[in-house]
Structure formats: C-alpha cells, structure tokens
Amino acid sequence: MADQDDTARKPGLPRVDLPPDARLETLAVREGLPATPWGENSEALFLTSSFVHPDAATAARRFAGEEEAFVYSRFTNPTVMMMERRLAALEGTEACLATASGMSAILLLCMGLLKSGDHVVCSRSVFGSTIKLLSSEFGKFGVETTYVSQSEPAEWRAAMRPNTRLLFAETPSNPLTEVCDIQALADIAHEGGALLVVDNCFCSPALQQPVKLGADLIIHSGTKYLDGQGRVLAGMVCGPKSIVEGVLVPVMRSAGMSLSPFNAWVVLKGLETLGIRMAAQSANGLALAQWLEAHPAVERVYHPGLASHPQHALAMAQQGGVGGAVLSFIVKSADAVQARERAFAVIDATRICSITANLGDTKTTITHPASTSHGRLSEDQRLAAGITQGLIRVAAGLEHVEDLKVDLARGLDRLV
Ligand SMILES: *Cc1c(COP(=O)(O)O)cnc(C)c1O
C-alpha cells in the first residue's frame, strides 16, 4: 500500500508514509497524497482544470508520460488521486480509477475490455441500468450478454463460451439481497480465460473485499456508501495496474467520463467514516429485519443476516459476518392489487424514512421497487425477478432503530 513505486500512472509522485501493515480504518483516514507545503491537515480540494509546467521541455516530457506530474484534470488531479489511492488501499487492489458516476465506471470498463464479437455472462439480478447498458448499448456494437441466476454457479459455468471475456456479478443484489459465491465465480471465469467483475456497491470494502476472493476488477457507485450521505454521484474501477492504468486510463483520457475534483473530495472525506457507518447501518438493518420477521403483517423478509436467508452462511463468510444495511420485505395480502395498496400505505405512513429509490445514505430510505427501480419491466419480468407488488425495500440509515420501528409500525400495525 505504501510501497514507493506503486504509481505506474505517475511514477515518482510522493506517497503518504504509512506502515505497510496499516489496517483498513487507518488507510481510510490517512491514504492519499502527502500534504502540500502549507501543511493542511484536511485534504486540499484542487479546483483546477490544468497544471502549469516550468518550461516547454518539461511539458513535453510530461505529455509523453516520461515524467510524472499532474497535467489535465480529465485524467490527473491531486484530489481525485487521493480518493483513488484511498479506495484502492481499502479494496486491496493495486490501482483505482474514478469516474463521474457508477454507470460511467461500468461504461469505462466495458469500453476498455470489450470489443465486437465478445461475450459477457452477467447475473440477472444486477442493477437495472447495468443490464440496459450491456444489452442495449453494447449489444448495438456486437457484444452479446447471457443472463444467469445470481446464486447458481452451474448456470454461470454452462453459459461460458470461448469468446467470454467478462463475468459480471453484484452481491448482495438489489432489492432481494441474493448473494453470489465470489470465489466460485472467479474460478469459473479464470478456467475460461475471462475476468470476474464484482459491483461491490452494497457491501463496500468495509464488509467485503472481492479481490481477496479471486475477483479481478471491482466496480463502485461511490454515490452510495462511499460518499455515504447522498450528496454526489461518483464511480470507480479498482483492479490491477496492468488493466486500470494500462487499459482504462487511456480510454478515460480519450472519452472523459472524469470525476470532478469536488465530488472526489466529498467521497474522500466520506471514506473516512465508511467503517463505522457500515457497522452502524448494518446493525440497524439487521435489527429492522429481525423485527419485521416477527411482525404479523409481514409475509417474508430478505436480509443476508437472517438465518432464514437462503445464502445466510455464504453471506456471513463472504461479508465478514455482517449482512449489510439493505433489506426488503413483503406485506401480507390477498392479491397483487391489495399488495400494492398495502405497500403504498406502509410507505406513505412513514414520517422519518425518505421515500426515494437511492440508498447508502445516513438517512433511511424506503421504496416500492415494482413501481420505481423496477417499474420499466413488464409484470412477467418482475415476477421472474421476484419483485412482487407487496415488496418494500428499506436501506437503513443512522437514525435510532427504535424510531425507525415506530415509523414502519405506523402503517404495518393498521394491516393486522
Ligand atoms: C446505484 C448503483 C449503480 C449506478 O451508480 P450511479 O452512481 O447511480 O451511476 C450501479 N450499481 C449498483 C449496485 C448501484 O446501486
């Protein structure tokens, strides 16, 4: 993490002096770039589009990549680099590249690693826009994607082809918190000469470091837990230097899906509290899940921390014994029409929870997936994905858990 030449993109830029065995909590607060000569203790925000060179010959060397320096904020900015170094340290990867949003991180990755005629195997349960991007946009350019069950490695194996380049997983999934076996998928990918990409948005590196389980590349929507307070959009790709710096930085330089320094600074400061937020919000998530499981108006609860979760043991092993802050539940009802009315009634009775489809915020959010995040699917597609009209998703925040129970009970108690 603190090795002196760990910066192929900009060899020579100084490192923060950290012990090589510094732990996650320390890296989250300290990794980045050394302070400027002014000695600021809080990281500086470099709002500048370009950087000045002492003379024309130096500029030429820097543009040619022969000398390390910051050049232009489309691909090099100190504040963005601090955030990238910090997240790479937390994920345990050699490198990280920041992008304007989570989706642009996936776009960058696909632009860099796929070409016409390539094949992708992807979980059916990944973020909806990821499916749209792969199928509609990359489909247009001759990339084919096969969708398989999140939790059945045999389906992934059966979908492999000689031209399969990427396996794309997200665990736990939204909103049903289905878990996939990262180690098993990494083995399948590598046997087939492909790479495993894991969208680590729901766990963040505070709970799960997919590279330790064999994943090759990590995707983040920094918009969620990494910022952690619902302020900015951000995305990141973490992985080996050979891919991030060798393949993706040149694409970024040409295509420009860059993260603004201001947004990078917000995420950089968010990372400092990632560990304690994830622990506290996951504790709230589990407490709400257990309480909902015992509520007479609730038919079923989905949370990896519950013993009733189909992949409970795998989730606990893979996520450091923590289920995460996202849970969903189905309200009891006679039919789909009543289910939707009842789910809406529970949502509308809340006074604390924010009715929004976002997650990863310190404010608890509540949403009806069938009519929001999954509203563009047909009813058949929704049912195949397990998104019924009675399903409600909650992403637990930092409010007191007893206040959140009262907030949810207001609507639920009226249903019994
Ligand atoms: C939100 C989200 C994304 C997309 O991120 P944006 O920052 O909104 O572009 C990708 N994957 C997952 C799992 C997400 O939750």
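**View 1. Overall fold of the protein chain, with 15 helices and 12 strands.** Helices (H or I, at least four residues) and strands (E, at least two) are DSSP runs numbered from the N terminus. The radius of gyration, taken over C-alpha atoms, is 22 Å, close to the 22 Å that the globule rule gives for 416 residues, so the chain is as compact as a globular protein of that length; the rule is 2.2 Å times the number of residues to the power 0.38. Along its principal axes the C-alpha trace spans about 75 × 50 × 35 Å.

**View 2. Threonine 79 within helix α3 (residues 78-91).** Threonine 79 counts as buried because its relative accessibility is 0%, where buried means under 20% relative accessible area (1.4 Å probe, protein chains only). Apart from neighbours within four places in sequence, threonine 79 is in contact (heavy atoms within 4.5 Å) with Ala44, Leu45, Phe46, Pro261, Ala264 and Trp265.

**View 3. The side chain of threonine 79 and the backbone of alanine 44 and phenylalanine 46.** A polar atom of the threonine 79 side chain lies 3.0 Å from the backbone oxygen of alanine 44, while the side chain of threonine 79 also reaches the backbone nitrogen of phenylalanine 46, at 2.8 Å. Glutamate 43 is 36 residues from threonine 79 in sequence, yet their C-alpha atoms are 7.6 Å apart in space.

**Notes.** Residues are numbered from 1 along each chain as its sequence is written, and side-chain values use heavy atoms, with hydrogens and water left out. In this predicted model, local features need pLDDT of at least 70 and side-chain atom pairs count only at pLDDT 80 or more, whereas totals for chains, interfaces and linings use all residues.

Terms used. Buried < 20%, exposed > 50% of the residue type's maximum accessible area, 1.4 Å probe, protein only. Polar contact = N/O pair within 3.5 Å; in protein donor to acceptor, adjacent residues only side chain to side chain.
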